[in-house]
Every structure is written in structure tokens, then in C-alpha cells.
Amino acid sequence: KLNRFDNVNSVSRIYLNDIIKKGDVCVDATMGKGYDTIYLSEAVGEEGFVYAFDVQKEAIVKTSEKLEESMFPQNTKLILDGHENIDKYVKENIKCAVFNLGYLPGCEHKIITKPETTIQAIEKSLDLLCEGGVVCISVYTGHEGGKEEGNAIIEYTQNLEQKKYNVIMTTFINQKNNPPHIVLIEKKK
Ligand code: SAM
């Protein structure tokens with residue numbers, strides 16, 4: 001049985017379900033096996049659009065297979081490139097960008113997201129956000145480099161101008177061994 005607060009995915013969906021509407025344009029900054037891509041594709045519907053990024057070809061293959069079986073296979077563009085290059089592909093305002101950091105579970109090559117490029121991508125996503133739009137970042141701290149990436153993101157987002165952005169963090173305070181965090185940045189209206 002699943003509980004609402006079981007993990008970062010279940011909790012972030014509580015926020016995302018409220019933010020994303022039919023017809024919105026969204027970005028999946030870390031496609032992986034495509035679970036978030038499919039969720040976004042179905043949330044924005046036929047009139048909306050999703051741009052999804054990953055640096056691994058395997059992610060494109062896995063996600064396109066899932067997409068073919070999904071409700072709106074036409075509303076999504078899968079891009080084999082780093083999210084730090086988001087501005088090369090996305091030329092319109094977005095309602096939401098979702099980051100699910102770290103590495104792809106079950107993948108042999110542990111290609112992980114890195115603080116510098118992650119922050120570049122967050123910064124560019126903030127520029128693309130429409131007013132009231134949100135960047136949602138799931139941060140894992142248990143793997144090598146995860147803690148450093150988490151700290152870099154917290155430091156960067158803590159210093160975002162309060163006049164322009166609301167920043168909140170949700171975490172699992174009774175979870176042992178490096179619990180993950182969700183950081184959400186809302187662009188003020
Ligand atoms: N959201 C995914 C899902 O639903 O299956 C899980 C994402 S997984 C935790 C992190 C992904 O980030 C990996 O697939 C990895 O290849 C990807 N990644 C690493 N560096 C990246 C970069 N610079 N730009 C885009 N994706 C990157």
C-alpha cells in the first residue's frame with residue numbers, strides 16, 4: 001500500500017498536481033526511465049507540451065517506449081542533451097520544470113547530475129518560468145557527491161531574491177541515513 005508521504009515522488013506529486021494544468025508547457029530536466037515525463041505529458045494533456053532532457057541514450061529509448069503506450073505520445077519532445085542547454089531548445093515560457101537528481105537506478109554507468117550544471121539549468125529554468133510557475137527539485141544525498149550537490153542547491157536557492165521568488169523545502173525528518181529533500185521555487189506574480 002502506498003502512503004502520500006512515502007517518498008519524494010509521492011510528495012512532489014501533491015505539489016505538482018496542484019500547479020500543473022491542462023495546456024501548460026513543462027520541462028522534465030532529468031528524463032531517466034521516463035516516469036516523470038509520462039506524468040507531465042498526461043498532466044498537461046493534448047493541448048500542452050513537455051520537453052524532456054537526459055544525457056543518456058538509454059533514457060531516450062526507455063522513455064520513448066513508455067510514451068508510445070501513453071495517452072498523449074505527440075505532446076512530448078525527448079532531447080538527448082544536458083539540461084544546462086535548456087535555452088537552446090525551449091523558447092517559450094514554462095509552467096514547471098522538474099528535476100529528479102542523482103543517477104538512474106539500475107543503470108550500469110552511474111552518470112550523475114553535477115552541482116555546476118544542475119545550478120546552471122535551474123537558473124535558466126527560472127528565466128523561462130511564467131509568473132506563478134514552479135521549479136521542483138528532488139535532491140538525493142545518499143550517493144557519492146549527493147550531499148555536495150544538495151548543499152550547493154540549498155545555498156543557491158536560499159540566496160534567491162525574496163522579492164522575486166518563494167522557496168520552500170520539504171524533507172523527511174525522521175528518516176535515517178541521508179534522507180532526500182524536495183526544493184520548490186515559485187516565481188512570484
Ligand atoms: N525522472 C527520472 C525517472 O522518472 O525515471 C529519474 C531521473 S534519474 C534520478 C537522474 C537522471 O539525470 C539520469 O538518467 C541521468 O542520466 C540524468 N542526467 C545526468 N546529468 C544530466 C544533465 N546534465 N542533463 C540532463 N540529465 C542528466
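In which loop is the place of asparagine 177? Asparagine 177 is placed in the loop between S6 and S7, and the legends below lead from the sheet to that loop.

Residues are numbered from 1 along each chain as its sequence is written. The model is predicted: local features need pLDDT of at least 70, side-chain atom pairs count only at pLDDT 80 or more, and totals for chains, interfaces and linings use all residues.

**View 1. The open sheet.** Seven strands form an open, mixed sheet in the order S3-S2-S1-S4-S5-S7-S6. Strands (E, at least two residues) and helices (H or I, at least four residues) are DSSP runs, numbered from the N terminus; two strands pair if DSSP finds at least two bridges between them. Strand S3 (76–80) and strand S6 (165–171) stand at the edges with a single partner strand each, so one side of each has no neighbour in the sheet. From one strand to the next, the twist averages 15 degrees.

View 2. Five bridges join S2 and S3 in the parallel sense. Aspartate 54 has leucine 80 in S3 as its bridge partner. The chain passes from S2 through H3 to S3 in a right-handed β-α-β crossover, a term that applies if, with the strands pointing away from the viewer, the path from the first strand over the helix to the second runs clockwise.

View 3. Helix H1 (residues 8–19) lies across strand S4 (94–100), strand S5 (129–139), S6 and S7, and runs at about 175 degrees to S5. Contact requires C-beta atoms, placed from the backbone, to lie within 7 Å. Axes are lines fitted to C-alpha atoms, for helices over the stretch in contact, and angles run from 0 to 180 degrees between N-to-C directions.

**View 4. The S6 and S7 pair.** S6 and strand S7 (residues 181–187) run antiparallel and are joined by seven bridges. Threonine 170 stands opposite isoleucine 182 in S7.

**View 5. Asparagines of the loop between S6 and S7.** Asparagine 174 lies in this loop and is exposed, with 5 other C-beta atoms within 10 Å. A residue is exposed if 12 or fewer other C-beta atoms, placed from the backbone, lie within 10 Å of its own, buried if 20 or more, and partly exposed in between. Asparagine 177 is exposed, with 6 such atoms within 10 Å, and its phi is near 60 degrees, a positive value in a residue other than glycine. Asparagine 178, in the loop between S6 and S7, has a positive phi of about 50 degrees.

How values were computed:
Two residues are in contact if their C-beta atoms, placed from the backbone, lie within 7 Å.
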